[in-house]
Amino acid sequence: RWQKIFMISLWSKMAIFWNKIFLTIIVLLIVLFLDAFREVRKYSSIHVNEKAANVNSSAFDHIQMKLFRSQRNLYISGFSLFLWLVLRRTVTLLTQLAKEMASHAALETQVNDATEAAKKYMAENERLQEALSGKGSGKKREPTEAAEEKLKEEVEHLKAELQKTSAAFQKAKNEVIAVKKQSEDIRRVYDNLMKDYERLQ
């Protein structure tokens with residue numbers, strides 16, 4: 001499903017500029033975070049000084065309001081920065097998983113084709129061996145040792161191809177399992193972060 005979503009033409013057009021967009025948003029969020037951090041430090045020090053000086057309540061409330069706003073901006077920009085990084089990692093893992101699943105399906109088809117071809121050649125070999133085993137009663141048999149050797153070489157070649165394809169299939173299967181496990185770990189971390197975020201709110 002994610003592979004179909006990522007194959008939409010809009011995403012393919014955006015993918016060219018994806019790194020630039022990501023870096024731009026990262027820089028923007030870092031600037032906002034640092035600005036909010038500076039505001040929090042500024043109004044925290046003013047808040048302490050005004051509290052110590054016992055000034056009128058309206059100025060004190062105004063400083064408290066600005067401190068609250070700067071703290072709110074700090075939390076929002078910090079969580080946005082963190083969740084943006086998590087989102088990028090999740091999209092990368094989903095793309096890798098979709099590619100691995102596609103290659104897994106292609107390798108599975110290739111293995112099935114190789115197995116069917118090997119079975120067909122084995123059946124033809126057995127049929128030729130039965131035909132050459134002496135059932136042509138009284139007739140002269142032409143020398144067929146070269147043909148038998150050729151057939152044996154083809155069978156060995158097909159067996160080697162089948163083993164190679166099976167090894168590639170197993171490797172792709174292991175990679176898909178590893179990527180699935182990694183995506184589950186990321187999802188679990190993301191769920192924990194969302195719980196922490198909800199608790200903080």
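1. Trp18, Phe22 and Trp84 come together as one aromatic cluster. Rings of Phe, Tyr and Trp (its six-membered ring) pair if their centres lie within 6.5 Å; planes under 30 degrees apart count as stacked, over 60 as edge-to-face and the rest as tilted. This is a predicted model, in which local features need pLDDT of at least 70, side-chain atom pairs count only at pLDDT 80 or more, and totals for chains, interfaces and linings use all residues. Residues are numbered from 1 along each chain as its sequence is written, and side-chain values use heavy atoms, with hydrogens and water left out.

2. How many aromatic pairs does a search of the whole structure find? There are four. In one of them, the ring centres of Trp18 and Trp84 are 6.0 Å apart with planes at 50 degrees, so this pair is tilted. Because Trp18 belongs to helix α3 (residues 18–53) and Trp84 to helix α4 (residues 57–132), the pair ties together parts 66 residues apart in sequence. Helices here are DSSP runs (H or I, at least four residues), numbered from the N terminus.

3. Now for Phe22 and Trp84: their ring centres are 6.1 Å apart and their planes at 20 degrees, so the pair is stacked. Phe22 in helix α3 and Trp84 in helix α4 are 62 residues apart.

4. Buried or partly exposed? Buried means under 20% relative accessible area, exposed over 50%, and partly exposed in between (1.4 Å probe, protein chains only). Phe22, at 9%, is buried; Trp84, at 18%, is buried; Trp18, at 27%, is partly exposed.

5. Look also at Arg88, which lies over the face of Phe22, 4.3 Å from the ring centre. A charge sits over a ring if NZ of Lys or CZ of Arg is within 6 Å of the ring centre and within 35 degrees of the ring normal.

Technical notes: Helix = DSSP H or I, 4+ residues; strand = E, 2+ residues; numbered from the N terminus.
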